[in-house]
Amino acid sequence: MTSQAKSARNFLENYNPGDYPSIALTVDLVVFAVTDGVLKVALVRRGEHPFKDALALPGGFVGPEESAGQAAGRELAEETGLDLGRLAVHVEQLATYTNPDRDPRMRVVSVAHVALLASDGITLPKITAGSDAASSGWYGVHDIMRSEELAFDHATILADGLERLAGKMEYTTVAARLLPEEFTMTQLRTVYDAVWETTLPAGNFTRKMMPQLNDTGRKSRGAAGGAPAALFTATDRHIHPPLSKPQAPGSPAAVAS
């Protein structure tokens, strides 16, 4: 054994983690889906303190043998019954939340994730409460953000998740992650309308999006006697110039324009 290896071994043998403050690690998940033209998020109602009976994002503590990603999948399944391994879902890390006062129990750092669940816009997987959740379900994102107080700093995490999704939709085809692999232009526009809480002009939207999509040559079945519509798949090409998210009425930018 080299002298450097002996030095390293001696250091580890005498190292005491208790000399430093302990910090717990958790995960939180912002799970988005679109149905009936409304952007939904999966929430649980907490069955235990702290914040008992309050709505919260699904999540929990990372186990000693888990990565944050593994814990995210486990906690989501335990609290909602949603299995990331069996669903058409895109997951990415959102941000790390480190405010010392974000959890009243102890110092807790959370690694938040955004999950985009693909759906036909009509039905969503049923959510079943488990673990320490009293109940769970799908909630309209914009209504929740206007009317409900969420546990911990979950209102901030939800707002950040929405901002991430809404912003990336300006220049990427990430909105297609909320749809089946093959979709109509109307379905795609419905996702934009739901996330941006607006109504986009159909003609302008189609002209803007056509270069970013592949036409499959197939058509959907017309609903209620309607004409079949062309089916598309998304590409990884960036939207250039990007789409512009309409400003909400009364916002400073909208007033200025």
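**View 1. Residues that line the largest cavity of this predicted model.** His90, Glu92, Val114, Leu116, Arg164, Leu165, Lys168 and Val174 line the largest cavity, in a predicted model whose residues are numbered from 1 along the chain as its sequence is written. A cavity is a set of points, on a 1 Å grid over the protein atoms alone, where a 1.4 Å probe fits but cannot get out, and lining residues have an atom within 4 Å of a point. Totals for linings use all residues, whereas local features need pLDDT of at least 70 and side-chain atom pairs pLDDT 80 or more, and side-chain values use heavy atoms, without hydrogens and water.

**View 2. Elements around the largest cavity.** Strand 5 (89–97), strand 6 (108–117) and helix 4 (154–168) each give at least two residues to the lining, and helix 4 has the largest share, with three residues. Helices (H or I, at least four residues) and strands (E, at least two) are DSSP runs, numbered from the N terminus.

**View 3. The space inside the largest cavity.** The search of the whole structure finds one cavity of 30 Å³ or more, and the largest cavity holds about 50 Å³ of space, a volume being the space filled by probe spheres set on grid points joined across faces, edges and corners.

View 4. Seven helices and nine strands make up the secondary structure of the protein chain, whose C-alpha atoms fill a box of roughly 75 × 50 × 45 Å along the principal axes. Of its 257 residues, 41% count as buried, that is, under 20% relative accessible area with a 1.4 Å probe, protein chains only.

Methods
Buried means under 20% relative accessible area, exposed over 50%, partly exposed in between (1.4 Å probe, protein chains only). On a 1 Å grid over the protein atoms alone, a cavity is a set of points where a 1.4 Å probe fits but cannot get out, and a pocket is an open set with protein on both sides within 12 Å along at least five of seven lines; lining residues have an atom within 4 Å of a point.
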